[in-house]
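Here is my note for your first look at this protein. Please keep the sequence and the model open as you read.

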Amino acid sequence: MYGFLTVLMTFPLLMSSASFFWGKALGDPSNFPAHPFLYNLLISVQILAALIVFIYQAPLSFILLSLVYLSQAVGALIIMRNKGKVECGCLGPQVNSRLSYKLVLLNLSFVCAGIIICYLTYPIYDPVIMLEGAFIYMIVMLLALFIAVGVPDALYATTAYRSAARLNRQVVVKQRGGGD
């Protein structure tokens, strides 16, 4: 049960991190609306917080995740106040995502979920350090990378295919119409 809750709570952070690394690997420009140092710091904190939750399996680890999500919600509010609803770059440059109150509410819902999970599981789980958690972390990170890379590329490929098919359909219809 702990592992399932951990994956659910950390998956958005891992998706963001995987998108960041994929964008860096491709040399894509960052859409993050603040200073690049802040973006690098945010990604580092996300990676470390998720890793800690996987390795140090304790209900209090979910409080750490809640703090990360709370800082993201506050950061999004500050940027929206200063710059408006700008691109956030949360899922890399391939996905158009904007800062909005929906994102803030989503982050706040993860804050509440982390606190509730900590409260409900505190009497059940004893803190334990599991190095196998690092292996599970790597598997989930690879899954996040697979989704971060595959989904935008698949959507682009589908759009390109439909566009090409539309042009070819007109040619095929003309050829069939002229031969009958």
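The points below go from confidence and layout to single residues and the surface.

1. Ground rules. This is a predicted model, where local features need pLDDT of at least 70, side-chain atom pairs count only at pLDDT 80 or more, and totals for chains, interfaces and linings use all residues. Residues are numbered from 1 along each chain as its sequence is written, and side-chain values use heavy atoms, with hydrogens and water left out.

2. Confidence. pLDDT is the predictor's confidence in each residue, from 0 to 100. The protein averages 77, and 79% of the residues score at least 70. Among the elements, helix α3 (residues 61–83) has the highest mean, 88. Strand β2 (residues 128–129) has the lowest, 68. Read β2 with that value in mind.

3. Layout. The protein has five helices and two strands. Both are DSSP runs, numbered from the N terminus: helices are H or I with at least four residues, strands are E with at least two. Along the sequence the order is α-α-β-α-α-β-α.

4. Contacts across the chain. A contact means heavy atoms within 4.5 Å. Take the contacts between residues at least 6 apart in sequence: 78% of them join residues at least 24 apart.

5. Burial. Buried means under 20% relative accessible area, exposed over 50%, and partly exposed in between (1.4 Å probe, protein chains only). Of the 180 residues, 33% are buried.

6. A buried glutamine. Gln 46 sits in helix α2 (residues 36–55). Gln 46 counts as buried because its relative accessibility is 3%. Leaving out residues up to four places away in sequence, Gln 46 touches Leu 13, Ser 16, Ser 17, Val 68 and Gln 72.

7. Cysteines. How many disulfides does a search of the whole structure find? It finds zero; a disulfide is a pair of cysteine sulfur atoms within 2.5 Å. Cys 118 has a relative accessible area of 7%, so Cys 118 is buried. Cys 112 is at 46%, so Cys 112 counts as partly exposed.

8. Surface. The accessible surface comes to about 11300 Å², and 71% of that belongs to carbon and sulfur atoms. Areas come from the Shrake-Rupley method with a 1.4 Å probe; for residues, only the protein chains shown count as cover.

9. Nonpolar patch. Leu 67, Leu 70, Val 74, Ile 78, Leu 105 and Leu 108 form a nonpolar surface patch, with about 520 Å² of accessible area together. Helix α3 gives the most, four residues. Leu 105 lies in helix α4. Leu 105 is exposed because its relative accessible area is 57%. Patch residues have over 30% relative accessible area and no salt bridge; like charges are joined within 9 Å, nonpolar side chains (Val, Leu, Ile, Met, Phe, Trp, Tyr) within 5 Å. A salt bridge is a side-chain nitrogen of Lys or Arg within 4 Å of a carboxyl oxygen of Asp or Glu.
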